[in-house]
Structure formats: structure tokens, C-alpha cells
4 protein chains.
Amino acid sequence: MRTFTENTFAGSSMADVAQRAGVAVGSIYRHFPSKESLGNAVYQLWKGRALSAIVAAVDPMAPSRTAFAQMWRALARFAAEHPDAFAFLEYQQHAAYLDSSGQATADELTAFARAFVVRGQQAGEIRPGPPDMLIALAYGALVGFTRDVHPGAPPSAGDPALVTAAEEAVWAMLRAG
Amino acid sequence: MRTFTENTFAGSSMADVAQRAGVAVGSIYRHFPSKESLGNAVYQLWKGRALSAIVAAVDPMAPSRTAFAQMWRALARFAAEHPDAFAFLEYQQHAAYLDSSGQATADELTAFARAFVVRGQQAGEIRPGPPDMLIALAYGALVGFTRDVHPGAPPSAGDPALVTAAEEAVWAMLRAG
Amino acid sequence: MRTFTENTFAGSSMADVAQRAGVAVGSIYRHFPSKESLGNAVYQLWKGRALSAIVAAVDPMAPSRTAFAQMWRALARFAAEHPDAFAFLEYQQHAAYLDSSGQATADELTAFARAFVVRGQQAGEIRPGPPDMLIALAYGALVGFTRDVHPGAPPSAGDPALVTAAEEAVWAMLRAG
Amino acid sequence: MRTFTENTFAGSSMADVAQRAGVAVGSIYRHFPSKESLGNAVYQLWKGRALSAIVAAVDPMAPSRTAFAQMWRALARFAAEHPDAFAFLEYQQHAAYLDSSGQATADELTAFARAFVVRGQQAGEIRPGPPDMLIALAYGALVGFTRDVHPGAPPSAGDPALVTAAEEAVWAMLRAG
DNA sequence: AATGAATGAGGATTCATTCAT
DNA sequence: CATGAATGAATCCTCATTCAT
């Protein structure tokens with residue numbers, strides 16, 4: 001994953017992947033039939049972890065304001081703890097190698113977020129409008145927030161005060177009224 | 001640019017670039033000494049155009065609400081008219097080949113946005129907080145907004161009603177009070 | 001080596017080298033990081049062998065006349081047994097790719113010859129004059145002698161009578177008085 | 001010629017040749033149909049000049065000792081005045097591009113030298129043996145003599161005392177008795 | 001099952017040659 | 001006639017994949 005993050009999928013060589021993993025190139029091919037399938041597996045693994053982090057943190061019965069805070073904090077924490085994984089997932093293009101199973105994991109996360117938005121809109125807590133658009137705005141804001149760091153610097157997603165400030169701003173974007 | 005957008009910089013071959021440009025591979029090397037320098041030039045060209053589009057559209061003396069609308073519309077329009085250029089600029093990683101001159105163009109855009117935010121904060125029109133964070137949130141929201149499209153589908157950034165709805169939402173995130 | 005001899009270093013392609021070696025192009029790069037380094041290795045290998053052939057054949061305690069005969073015969077034999085290697089070493093320019101380690105091997109041979117000449121001059125057996133000049137004349141004569149062959153013809157360095165005749169002539173050039 | 005000397009024929013580019021000549025690449029092709037033919041012309045030009053230098057300097061009726069001195073001095077002078085031309089002619093391989101007309105010029109020089117040797121042998125002034133072998137030894141010695149210089153250093157062929165010393169040594173190799 | 005050398009197709013780059021200006 | 005940009009085959013080198021050990 002780290003190789004992909006630093007060099008892009010196409011810019012990474014299996015030799016580099018193997019070396020960082022501390023195994024031989026041939027060994028990778030015992031577990032993955034191709035570079036593409038390895039890319040898929042890496043994507044699914046980390047996208048799945050991000051999804052789990054959210055699902056574990058959010059109480060679906062809580063009011064939107066609360067649920068949103070839980071969601072935002074969970075994702076910011078994930079991005080702070082695994083900055084390279086988050087960068088791999090969100091700052092790159094995966095179309096070249098992502099297959100349907102990989103896409104499915106991504107869709108699960110969107111579905112979760114959509115359910116949250118729709119419920120909030122029905123409760124009059126979230127601004128009306130196409131749910132996918134609101135998700136795109138809010139998730140995009142999160143990605144921008146974590147990216148607003150020069151590589152190597154401690155991610156702003158790790159500063160609790162900043163995380164809270166950003167969360168409040170984004171909630172202002174989502175909330176109804 | 002189109003090749004880079006579709007296949008990633010590292011995933012693009014000079015042969016493909018040449019073919020799409022309708023020239024021979026060797027001809028590219030008469031204008032650019034390397035693939036990297038070509039990447040740089042493409043980046044600078046389009047980042048520069050995006051910057052120009054904003055600068056031309058925004059009245060720096062206008063109230064923040066107005067200036068923001070101008071900025072948002074200019075960028076949404078740019079993304080709608082040049083979806084692949086915008087995708088190349090914003091959905092990808094350029095670290096592998098971007099040199100200082102390329103970075104400089106990117107910094108100009110940030111500087112412009114920062115000036116806007118700072119002025120708005122001084123006027124009490126924009127929410128307090130680190131300007132760069134607010135820019136990251138808003139610009140991230142824009143990127144998310146334009147990205148919220150399955151490839152081939154008409155970009156949401158091209159639908160005037162959606163653009164307005166998104167603009168209002170993002171302004172709600174930025175405005176003071 | 002054979003490719004370099006026939007086509008010059010710059011005129012040889014790695015593909016040709018690989019084909020003659022009976023391996024794939026990529027395999028060469030597992031052993032040598034570049035064409036230059038391959039050229040170096042080839043040079044060092046054969047220059048080293050030529051040096052060994054001399055060192056093994058010459059008795060440094062013998063009178064100059066004897067030692068010279070041993071040296072001349074050893075080199076003539078080397079040139080007759082490895083005409084292409086000798087041609088590679090002596091009929092070509094290596095400046096474009098030879099590094100210091102390659103140069104060092106060449107210098108060893110010169111140093112050996114210089115010691116021989118100096119000792120002979122001290123013993124009054126070899127004509128006075130700058131040792132390096134005498135070496136250049138004699139070694140040049142050897143190179144000329146072996147070169148005096150149209151490609152494909154049996155090398156004159158392989159005809160014992162000719163080798164002896166040449167040796168006597170060159171000794172007449174070197175001997176004192 | 002300078003480009004060929006420094007980089008080898010195969011290692012030289014027409015672009016470099018053109019630049020040093022102060023003309024455009026296309027202009028070369030108005031005078032020479034190909035790189036090979038240019039190589040030929042350069043070879044013939046300089047080999048012809050070397051030949052002329054000898055022919056002009058040598059009195060064919062003079063005794064061998066005298067004629068040899070004239071020949072040696074003429075060539076040493078040529079090598080001293082045109083070190084790069086001499087290096088191009090003698091330190092390199094021309095087989096890859098030399099055609100019959102180029103070879104003819106080289107053969108003329110050999111023929112001239114052979115006539116000298118044969119006449120000297122008939123007069124009992126030059127050591128018996130295959131004339132071509134003696135020529136190879138003597139010409140090889142000359143090449144070695146001029147080569148005995150580190151690039152950039154003033155050529156030993158330019159030091160009159162050295163030239164005379166070398167000439168005497170080489171004559172000792174050739175003379176009868 | 002793990003290894004890593006071998007393979008050769010593919011990629012970036014060069015360069016002899018052409019040809020419109 | 002001179003120029004030098006354009007061409008694309010050929011060159012050096014890389015890298016996904018295979019397979020004998």
C-alpha cells in the first residue's frame with residue numbers, strides 16, 4: 001500500500017512492493033494472480049477498514065448532529081492514524097485496476113452515508129437536495145481537510161481542535177435551515 | 001492531458017500521447033526533454049488556465065458572498081467545460097514529476113484564495129479559523145462535487161441548479177455566524 | 001566481447017550481445033547495470049587475462065633478452081589464441097565507457113613492462129631513453145604485427161616462424177649498443 | 001572528423017557533426033548521401049593528406065637510412081600537427097563504413113611503404129623478411145609512439161629529441177645486419 | 001511454499017534521414 | 001541551396017510474470 005501511495009499504482013513495481021513487504025517477488029504471485037488483483041486487494045482491505053471504522057463509531061439511531069460528529073471524527077481519526085492508506089484511497093485514481101468487488105466495497109460506504117443523509121433529511125435536520133451531492137461535498141471537504149498538509153508534516157486531521165473546527169464548519173454546510 | 005487523465009501519468013505511454021496528439025513520438029522530444037517535463041508543462045498549462053478563469057471572474061472588491069459565488073461558478077464552469085483537465089489536476093498525484101515551477105502555479109491559486117478568505121474574515125463575513133483549512137474544506141467540496149459523477153455521465157458541475165445548490169451549501173460552511 | 005570487436009562498443013546493440021550470449025536482454029541487466037558497465041567488465045576481464053598471460057610467462061630474474069622473448073611470445077600467443085579479444089583491447093577506443101577500475105588494469109600492464117625496461121636499462125642490456133617511449137614502440141609494433149591481417153585470414157601472430165622473426169626485429173630495436 | 005575521433009563513428013550523431021561544422025543537419029545530406037559516405041569522405045581526406053605528406057617528404061632515390069628518416073619525420077610531424085586526425089585514422093576501426101574507395105587510399109600508403117622496404121632489402125640495407133611484416137612493425141611502432149600520450153598532453157610526436165630517439169630505435173629494428 | 005534469476009514485451013529516448021519552408 | 005522540425009525505426013532499459021531450484 002505504501003508503494004502505491006508514494007508512486008501511484010502504475011508507477012509502482014512489483015519488485016518494490018516485494019522488497020518493502022520483505023518477501024520475494026515470486027511469493028506475491030502465490031497469493032495474487034496479477035498486479036491488478038493485488039491492487040484490488042489492497043484497495044478493498046483499506047476501504048473496508050475505513051468502512052468498519054465508521055460503522056463501529058456511528059450510532060444510527062442518534063440525531064443527525066451527533067451521528068455526523070461521530071462519522072467525521074471516525075474518519076478524521078482513520079486519516080490521522082493511517083495517512084498513507086487514506087492518501088492511497090482518496091488522492092488517487094483506481095479505475096485502471098479496480099474490479100467490481102473492489103467497487104462494491106466503495107459503494108457500501110456511500111450507501112451507509114446516503115442512508116444517514118436521507119434519514120436526516122426526513123427528520124428535517126439535514127438540508128434538502130440530492131443526497132449524493134451532499135455526500136460528495138462533505139466527503140470532498142474531508143479529503144481536502146486531510147490533504148491540506150505538506151507531505152511529511154503532521155496531518156491536520158490529527159489536531160483535535162482543528163478536527164472540531166472543521167467538523168462544525170462542515171455541519172453548517174449540511175444542516176437544514 | 002487526456003491520456004494522463006485516463007491512465008495516470010505513470011500509466012501513460014509517450015506513444016499514446018503522441019498518437020492522440022497526431023504527431024510522432026520523436027516530435028514530442030523536440031519540445032520537451034522528457035516525459036516529466038511534458039507532465040509539468042501540461043500541469044502548468046491547465047492549472048494556469050484554471051487560475052485565469054477565477055481571476056477573470058472574481059471582483060476582489062465585492063462582498064464575500066458575491067465574490068464566493070463568482071469563484072464557485074467560475075470553477076464549476078471550468079470543471080464542466082474541461083472535465084478531463086479538472087480531473088487531471090485534482091484527482092491525481094503529481095509529486096512524481098512536478099517541479100518547482102509547476103508547484104508555483106498551484107501556489108498562486110492558493111494565495112488568491114487565501115487573500116479572499118482573509119479579507120472576508122476581517123470583514124466579519126467569513127467564519128474565523130485557519131484560512132488554509134477553510135480553503136481546503138471548500139476546495140475539497142468542489143472537487144468532491146465534480147467527482148460525484150460516474151465516468152461518461154454528464155458532470156453534475158454542468159447542471160446550473162445543482163451548481164447553485166452546492167454553492168449555497170458551501171457558502172453556509174464558510175459564512176460567519 | 002565479440003560483438004564489441006566487430007561493431008565497436010557504440011555500434012553494438014545490447015540485443016546483439018544478448019543473442020550471441022544466448023540469453024535474454026533483461027538477463028544482462030541482472031548482472032550489469034548498464035551497457036557501459038558491461039563494456040568495463042569485458043575490458044577488465046580480457047586485459048586482466050592478457051596481463052596474467054605475461055606475468056605467468058616471464059621470469060623477472062632472467063636476462064632482458066630472455067625475458068623479452070618470453071613476453072613477446074606470451075603476447076603473440078595470446079593474440080593468436082584470442083584474436084578478437086586482442087582486437088577489442090588494442091584496435092579500439094575505450095575512453096567513452098572505461099572507468100577508473102578498468103583503467104587500473106591497463107596501468108598494471110604498463111607498470112610491469114616499465115619495470116622490465118628499467119631493469120634492462122640498468123643492466124646495460126636495453127637502449128637508453130624514456131622507458132614509456134620504448135614500451136610504446138615495442139607494444140605498438142606488436143599491435144601492428146597482429147593487425148597486419150585481413151579479417152578472416154590466419155593471424156600472422158599464429159605463425160611461429162613469423163613470430164620469431166618479428167621478435168628478433170623488435171629486440172634489435174630495444175637492445176643497447 | 002573531430003566528432004568521430006572523440007566519440008567513435010558509431011558513437012557520433014549527425015546532429016553533433018552538423019553543430020561542430022556550423023551547418024544544419026540537412027545541409028550535410030546535400031553533400032553526402034549518408035552517414036557512412038561522410039565517414040568515408042573524412043577517412044579518405046585525411047588518409048590522403050597523410051599519404052601526400054609522406055610522398056612530398058621522401059626522396060625515393062635516397063639510401064634507405066635517409067628515406068626512412070624522411071618518412072618517419074614526415075609522419076611524426078603529421079601526427080603532431082593533426083593529432084585528432086591521426087587518432088581518427090589509426091586508433092579506430094573503420095570496417096563498419098569504409099568502402100572500396102576508402103580502402104584504396106589506405107592501400108596506396110601501404111604500397112608506397114612496401115616499395116621502400118623492398119628496394120631497401122634489395123640494396124641489402126633493410127633486414128630480410130616479409131615486407132608487410134616489417135611495415136606492420138614499424139608503422140605499429142609509430143602509432144604506439146604517438147599514442148603514448150595522455151589525452152590533452154602535448155604529443156610526444158612533437159618533441160624533436162624524442163622523435164629522433166624513436167626514429168633511431170625503429171631504424172635499428174629495420175636495418176640489415 | 002518461498003525464492004529470485006530469467007524472460008521478452010513494452011516503455012522512454014535517440015538519431016539517421018526527409019522535406020516543407 | 002540552407003535550414004531545422006518532423007518522422008519512426010532502433011536503442012537502452014524496465015518490469016510483470018514464470019519457473020527451476
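In helix α5(B), the residues Ser64(B), Phe68(B), Met71(B), Trp72(B), Leu75(B), Ala76(B), Phe78(B) and Ala79(B) are buried. A residue is called buried if 20 or more other C-beta atoms, placed from the backbone, lie within 10 Å of its own. These residues lie on the same side of α5(B), because they cover an arc of only 160° around the axis; the arc is that of the directions from the helix axis to the C-beta atoms. Helices here are DSSP runs of H or I with at least four residues, numbered from the N terminus.

This is a predicted model, in which local features need pLDDT of at least 70 and side-chain atom pairs count only at pLDDT 80 or more, while totals for chains, interfaces and linings use all residues. Residues are numbered from 1 along each chain as its sequence is written, and chains are lettered from A and ligands numbered from 1 in the order in which they are written.

What do the buried residues of α5(B) pack against? Their partners are α4 (35-57), α6 (83-90), α7 (100-122), α8 (131-147) and α9 (160-174) of chain B. The length of α5 can also be checked. The expected span of a helix is 1.5 Å times one less than its number of residues, so the 18 residues of α5 (residues 64-81) of chain B should span 26 Å, and the end C-alpha atoms, 25 Å apart, agree with this.

The next topic is how the chains meet. In the contact between chains A and B, 31 residues of chain A touch 31 residues of chain B; two residues are in contact if their C-beta atoms, placed from the backbone, lie within 7 Å. On the chain A side, α8 (131-147) and α9 (160-174) each give two or more residues, and α8(A) has the largest share, with 12 residues. This side divides into 18 nonpolar, 9 polar and 4 charged residues. Ala, Val, Leu, Ile, Met, Phe, Trp, Tyr, Cys and Pro count as nonpolar, Asp, Glu, Lys and Arg as charged, and the others, Gly among them, as polar.

Chain A can be laid on chain B with an RMSD of 0.1 Å by a turn of 180° and a shift of 0.0 Å along the axis. The two copies are therefore related as by a two-fold rotation axis. Such copies are superposed by least squares on the C-alpha atoms of residues with pLDDT of at least 70 in both. The copies meet through the same surface, because 100% of the interface residues of chain A are also interface residues in chain B.

Chains D and C also form a contact, with 31 residues from chain D and 31 residues from chain C. On the chain D side, α8(D) gives the most, with 12 residues.

Lastly, there is the DNA. How many residues surround DNA strand F? There are 28, and the closest are Gly26(A), Gly26(B), Gly26(C), Ala24(D) and Gly26(D); a residue is near a strand if its C-beta atom, placed from the backbone, lies within 6 Å of it. By class, this surface has 14 nonpolar, 10 polar and 4 charged residues. DNA strand E is surrounded by 28 residues, the closest being Ala24(A), Gly26(A), Gly26(B), Gly26(C) and Gly26(D).

Definitions and conventions. Buried ≥ 20, exposed ≤ 12 C-beta atoms within 10 Å, placed from the backbone.
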